[in-house]
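Here are some friendly notes to read alongside the picture. Take them one point at a time, and keep the structure open while you do.

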Amino acid sequence: GVRIRVLDRATGQQKVNTGVKSVGSFERPGNPVVPIVSPLPVAGLPAGAYKLEVSVMRETGDPVVRITDFTIQ
């Protein structure tokens, strides 16, 4: 599964949390790479500095988390 969160960069307050969503429809038999396409859930967020956190759950249940900063102007 995959989860996307958007956090306020200054306060760390969570602004968006998609919850864990299945990626089964993106899987291809025999391919260990799972390309995932998803819109960034920022509609309605005011201008400001944010952190995007993307978590992907491995088959073992351990998450892989990646974080990057972005700005809405």
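1. Let us start with a term. A salt bridge here is a side-chain nitrogen of Lys or Arg within 4 Å of a carboxyl oxygen of Asp or Glu. Side chains of opposite charge can pair when their charged atoms come close. Please keep in mind that this is a predicted model. By the rule above, the count comes to four salt bridges.

2. Look for E53 and R3. Their side chains form a salt bridge, with the closest N and O atoms 3.4 Å apart. E53 belongs to strand β3 (residues 48-57) and R3 to strand β1 (residues 2-8), so this pair ties together parts of the chain that are 50 residues apart in sequence. Is E53 buried or exposed? With a relative accessible area of 10%, E53 is buried, because buried means under 20%. R3 has a relative accessibility of 24% and counts as partly exposed.

3. E53 also forms a salt bridge with R5, and here the closest N and O atoms are 2.8 Å apart. This pair again links distant parts of the chain, with E53 in strand β3 and R5 in strand β1, 48 residues apart. Both E53 and R5 are buried.

4. Now move to K51 and D69, whose side chains meet in a salt bridge at 3.0 Å from N to O. K51 sits in strand β3 and D69 in strand β4 (residues 63-72), so distant parts of the chain, 18 residues apart, are linked. K51 is partly exposed at 28% relative accessible area, and D69 is partly exposed too, at 41%. Which residues do salt bridges with shared partners join into one network? They are R3, R5 and E53.

5. Next, step back to the strands. Strands of a sheet pair through backbone hydrogen bonds, either parallel or antiparallel. In this model, four strands form an open sheet in the order β2-β1-β3-β4, with antiparallel pairing. β2 (14-17) and β4 stand at the edges with a single partner strand each, so one side of each has no neighbour in the sheet. On average, neighbouring strands of this sheet are turned by 20° against each other, direction ignored.

6. How many bridges join β1 to β3? There are seven, and the two strands run antiparallel.

Key: Residues numbered from 1 in each chain as written. Predicted model: local features only at pLDDT ≥ 70, side-chain atom pairs only at ≥ 80, totals over all residues. Heavy atoms only, no water. Buried < 20%, exposed > 50% of the residue type's maximum accessible area, 1.4 Å probe, protein only. Pairing = 2+ DSSP bridges. Axes fitted to C-alpha atoms, helices over the stretch in contact; angles between N-to-C directions.
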